[in-house]
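Morning, everyone. Please look at the structure on the screen while I talk.

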Amino acid sequence: MPTLPPSVRVLERGWLSSNSVLLIGADATALVDTGYATHAAQTVDLVRHALAGRALDRIVNTHLHSDHCGGNAALHAAYGCRIAIPAADCATVAAWDEDALSFRATAQQCPRFAFDESVAPGQRLCLGDLDWQALAAPGHDPHALLLWCEGEGILISGDALWHNGFGVVFPELVGEPGFDDVRATLDLIATLDARVVIPGHGAPFADVADALQRAYGRLDMLAADPIRNAQNAVKVLMKFLLLERRRIPLADVDLLCATVPLLVRVRERFLNSTSAELAAWLVQGLVGVGAARLDGDVLVDA
Amino acid sequence: MSPVTGLCEGCLRTIDEIVAWSRADDDYKRAVWGEIRRREEQIPFD
């Protein structure tokens, strides 16, 4: 297991909530990413416990997907902490533009929050008494940031690099380029020669070169076959909804395939299937890999 | 978190265990996994 400095604490949970990274400095505390909305009370409990009586001063988000910023509002309510978001998302968040934010398109929840600071690529931040630099990490999300601590060789990668792969390449799903951005972001990560990566999901890891190799392999596979990227994306989206709801009647799986805006767009653009056909394919696929099971007419998270 | 058991309803760990997890050694994690398996036996799932 890679070692981290005492000021860095990773709160690792399941895949519905991203990891949160607590950075505890002598004078200031910060949390990178805040998990999913339905876990917000637990996030506040975890942070309160880990801070042992100190206040949380600042939140920094790597990107604004619901599983990374869903606890922003609750933590702000608990601590009045400052919230720092990627600069490119500021106008969208200020207006809380539901069409530009991803929450409506994915039928995911995220309570509204306001921001106090913007973070632009290249900008330096002091978090947990360590010097971090924000770096652009487009691909999974066009505005996503990496946080790189050169002094300690620690990279907070969000969903740009996981131990096994990376997050869904969302821009490609709506006809915007994304694969080249994923490649550029992986190339950038490769130049950093990080000692430890703290990913957005899963445990921190030190075998970064191997992870990059897996990520490049996956990218090549998805870029060669965008339908596969689309199929993977709809499975991930439905699994996420299942993680949140735990049980979804089969009729509602069909309804979700017919009404969740991103599922409808992907279905029409890539999959050429009816909502019923997609629902049946998803149920079979999720049950087939053990990500769900059937309880009569209800799809149950597994 | 379950108000009854004090456990995360997803991973069946306590707040203490989740906070300690990322810095814990493998022995600690194996011990917690043992506890999780024991807790699974005791918790009725719907």
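**A walk through the model**

Let's start with one residue, Trp96(A). It is buried, because its relative accessible area is 9%, and the cut-off for buried is under 20%. Keep in mind that this is a predicted model.

Now, its ring partners. Over all chains, a search of the whole structure finds 4 aromatic pairs. One of them joins Trp96(A) and Phe113(A). The ring centres are 5.2 Å apart, and the planes sit at 80°, so this pair is edge-to-face. For that label, the planes have to be over 60 degrees apart.

Where do the two residues sit in chain A? Trp96(A) is in the loop between α4 (90–95) and α5 (103–106). Phe113(A) is in the loop between α5 and β6 (117–119).

Is Phe113(A) buried or exposed? Its relative accessibility is 6%, so Phe113(A) counts as buried. Ring pairs link Phe103(A) with Trp96(A) and Phe113(A) into a cluster.

Next stop, Ser275(A). Find helix α12 of chain A, residues 275–288; Ser275(A) belongs to that helix. Ser275(A) is buried as well, because its relative accessible area is 16%. Which residues does Ser275(A) touch? Leave out residues up to four places away in sequence, and the answer is Asp254(A), Cys257(A), Ala258(A) and Arg267(A). With Asp254(A), the side chains are joined by a polar contact of 2.8 Å.

Last part: the two chains together. Chain A gives 18 residues to the contact, and chain B gives 14 residues. Between them, the chains bury about 1,400 Å². Carbon and sulfur atoms account for 53% of that.

How many salt bridges are there between chain A and chain B? The count is 1. Look for Arg246(A) and Glu9(B): their side chains meet in that salt bridge, at 3.6 Å from N to O.

Which elements of chain A give two or more residues to the side that touches chain B? They are β1 (8–11) and α1 (40–51). The largest share comes from α1(A), with 5 residues. By type, that side of chain A divides into 9 nonpolar, 2 polar and 7 charged residues.

That's my tour. Over to you for questions.

Notes
Residues are numbered from 1 along each chain as its sequence is written. Chains are lettered from A and ligands numbered from 1 in the order in which they are written. This is a predicted model: local features need pLDDT of at least 70, side-chain atom pairs count only at pLDDT 80 or more; totals for chains, interfaces and linings use all residues. Side-chain values use heavy atoms; hydrogens and water are left out. Contact means heavy atoms within 4.5 Å. Buried area is the accessible area (1.4 Å probe) that two parts lose on being put together, summed over both. A salt bridge is a side-chain nitrogen of Lys or Arg within 4 Å of a carboxyl oxygen of Asp or Glu. Helices (H or I, at least four residues) and strands (E, at least two) are DSSP runs, numbered from the N terminus. Ala, Val, Leu, Ile, Met, Phe, Trp, Tyr, Cys and Pro count as nonpolar, Asp, Glu, Lys and Arg as charged, and the others, Gly among them, as polar. Rings of Phe, Tyr and Trp (its six-membered ring) pair if their centres lie within 6.5 Å; planes under 30 degrees apart count as stacked, over 60 as edge-to-face and the rest as tilted. Buried means under 20% relative accessible area, exposed over 50%, partly exposed in between (1.4 Å probe, protein chains only). A polar contact is a pair of N or O atoms within 3.5 Å; within protein, one must be able to donate a hydrogen and the other to accept it, and residues adjacent in sequence count only if both atoms are side-chain atoms.
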